[in-house]
Amino acid sequence: AKFSPDGQQVVTASSDMTAKLWSVAWGECLHTLEGHGEYVYSAAFSQDGQHVITVSADRTAKLWGVASGECLRTFQGHSDTLYGAAFS
């Protein structure tokens, strides 16, 4: 799990093929990020907290909008599982 830069949200990655955005204050799920075809191994917030990137055993990375929970872009081309996600 990773916290947003402002500490208000947390993102979790799961073997259920989703990631979830949570409210820290309320403990409720704000968005379920669905679209990967295999385990989601890692998720991370962008420095401005506006985006999340997820990586999966389906060999893709996905960029998500935090406010909408929508997938903005899918990055594909790896021949094996992706394990780490980070913004720099």
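Is Tyr-83 buried or exposed? Tyr-83 is exposed, with a relative accessible area of 55%. The legends below describe a predicted model.

**View 1. Tyr-39 and Tyr-41 form an aromatic pair.** The structure holds 2 aromatic pairs. In the pair of Tyr-39 and Tyr-41, the ring centres lie 6.0 Å apart. Tyr-39 sits in the loop between β4 (29-34) and β5. Its relative accessibility is 41%, so Tyr-39 counts as partly exposed.

**View 2. Tyr-41 also pairs with Tyr-83.** Here the ring centres are 4.9 Å apart. The planes stand at 55 degrees, so this pair is tilted. Tyr-41 belongs to strand β5 (residues 40-45). Tyr-83 lies in the segment after β8 (71-76). Tyr-41 is partly exposed, at 38% relative accessible area. Tyr-83 is exposed, at 55%.

**View 3. Three tyrosines make one aromatic cluster.** The members are Tyr-39, Tyr-41 and Tyr-83.

**View 4. Tyr-39, Tyr-41 and Tyr-83 make a nonpolar surface patch.** The patch covers about 350 Å². Why can these residues count towards a patch? Patch residues need over 30% relative accessible area. Tyr-39 has 41%, Tyr-41 has 38% and Tyr-83 has 55%.

How values were computed. Residues numbered from 1 in each chain as written. Predicted model: local features only at pLDDT ≥ 70, side-chain atom pairs only at ≥ 80, totals over all residues. Heavy atoms only, no water. Phe/Tyr/Trp six-rings, centres within 6.5 Å; stacked < 30°, edge-to-face > 60°. Buried < 20%, exposed > 50% of the residue type's maximum accessible area, 1.4 Å probe, protein only. Helix = DSSP H or I, 4+ residues; strand = E, 2+ residues; numbered from the N terminus. Patch = residues over 30% accessible without salt bridge, like charges linked within 9 Å, V, L, I, M, F, W, Y side chains within 5 Å. Areas by Shrake-Rupley, 256 points an atom, 1.4 Å probe, with all protein chains shown as cover. Salt bridge = Lys/Arg side-chain N within 4 Å of Asp/Glu carboxyl O.
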